[in-house]
Amino acid sequence: MPLWYGRTSGGNGGVSYATGLFLQFLENNLIHNAAVEAVILTVAFWALLFLVEKRKLAGSLMEWNLYESDPIRHPYAVAVTLIFTVALMTCIFATLDNAVTLGHAGGSMDIGQWPRLILAVSGLVSGVLFDYGKGRYRNLIMYCVTLLSTVCILVIVSGGSFLLGLIVFYLSAGFFVVFFSTGFVRLAGYMRVPQFWAGMGRAVNNLCAILIGSFSVALIRSGDSIKIMIASIGLFVLISIAIYIYTVMGQTDVELPDQERKQEEEQEYFSAFADTYALTEREQEVLKMLLASDEEVQEIANRLYISRAMLYRYISSLNKKTDTNSRIGLIQFYYTWKPEKKADRDD
């Protein structure tokens, strides 16, 4: 008989018969049928590629960054706050991970392979939710996920459903990975060495998981529910404070009405300029980067993921279309250009 019908970690009875049948179905049809699992993962992969192409993700992110109306004023202070926040969150999620792993090792439940699908789905869903409203709800969503995970730890140590902890862990893990990854990638654009900061989230997560691993396992094995509850609640309070500070310090997503109007006007101005001179999408991306950056040509080319020679060809094309002679002349022409009024076009 499979372990799906075994006892929960608290010893308070087995999972429901219906739940057991469902999990047994997953085990038989997904875990032991590699072809079915491969088909599901392949379809999900191509669906993701389709969504990326449909939304033109790279272009939208570039536009978002170049027209940021409220940039981070103290990026290194924000970076320290984010590191502290991720470190505290790692304590919660690593503890939940250890509780699930110890339950599996003790024979309370056979985790199997199906949770990987939950992790994949949670990663996709978190990306969509975090992107909603230009990311202004990202921290709030992650706060709620952390609260749910904290409550789940308390439920497990109190003898509650192990299955609940398993599902919540894999759901929250996807949200957590996307949270710290996107947080540091966005922050990297403000740093002097972006390549170093882009992967900082994973480094902080792994390091903290290693440091607190032994303590977390010892605490769970002790079976002292009071100590575990006090530690979990204390961590959650600290996380609440850290997320609040991080949100206040990194107000890149909060836009006042007049700032929104200014951003819309800038976008309309740029669109009118691009339409007037028939700029291609790639030429528009190059122009946006030239307008937003005073870096050397090679550095701009690296950011655009093109060669230096290719960048010069785009600049030459822009010069030809706008009747300018240089990069500086192009930028000056852009800012002094006046959109043609509708009445003038009609004449």
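1. A residue is called buried when its relative accessible area is under 20%, exposed when over 50%, and partly exposed in between, with a 1.4 Å probe and protein chains only. Of the 347 residues of the protein, 39% are buried by this cut-off.

2. This is a predicted model, in which local features need pLDDT of at least 70 and side-chain atom pairs count only at pLDDT 80 or more, while totals for chains, interfaces and linings use all residues. Numbering runs from 1 along each chain as its sequence is written, and side-chain values use heavy atoms, leaving out hydrogens and water.

3. The protein has 16 helices and zero strands. Both are DSSP runs numbered from the N terminus: helices are H or I of at least four residues, strands E of at least two. A contact is a pair of heavy atoms within 4.5 Å. Among contacts between residues at least 6 apart in sequence, 77% join residues at least 24 apart.

4. Helix H12 covers residues 281–292, 12 residues in total. The expected span of a helix is 1.5 Å times one less than its number of residues.

5. H12 packs on helix H14 (residues 308–322) at about 95 degrees, with the axes 10 Å apart. Axes are lines fitted to C-alpha atoms, for helices over the stretch in contact, and angles run from 0 to 180 degrees between N-to-C directions. The two helices are therefore roughly perpendicular, a class that takes angles of 65 to 115 degrees, against under 35 for roughly parallel, over 145 for roughly antiparallel and oblique for the rest.

6. On the H12 side the contact uses Arg282, Glu283, Val286, Leu287 and Leu290; H14 supplies Leu311, Tyr314, Ile315, Ser317, Leu318 and Lys321.

7. Rings of Phe, Tyr and Trp (its six-membered ring) pair if their centres lie within 6.5 Å; planes under 30 degrees apart are stacked, over 60 edge-to-face, and the rest tilted. The count is 17 aromatic pairs. One of them, Phe130 with Phe179, is edge-to-face at 6.5 Å and 70 degrees. Phe130 lies in helix H5 and Phe179 in helix H7, 49 residues apart, and both are buried.

8. Tyr269 and Trp337 have ring centres 5.6 Å apart and planes at 70 degrees, so this pair is edge-to-face. Tyr269 is in helix H11, whereas Trp337 is in the loop between helices H15 and H16, 68 residues apart. At 9% relative accessibility, Trp337 is buried.
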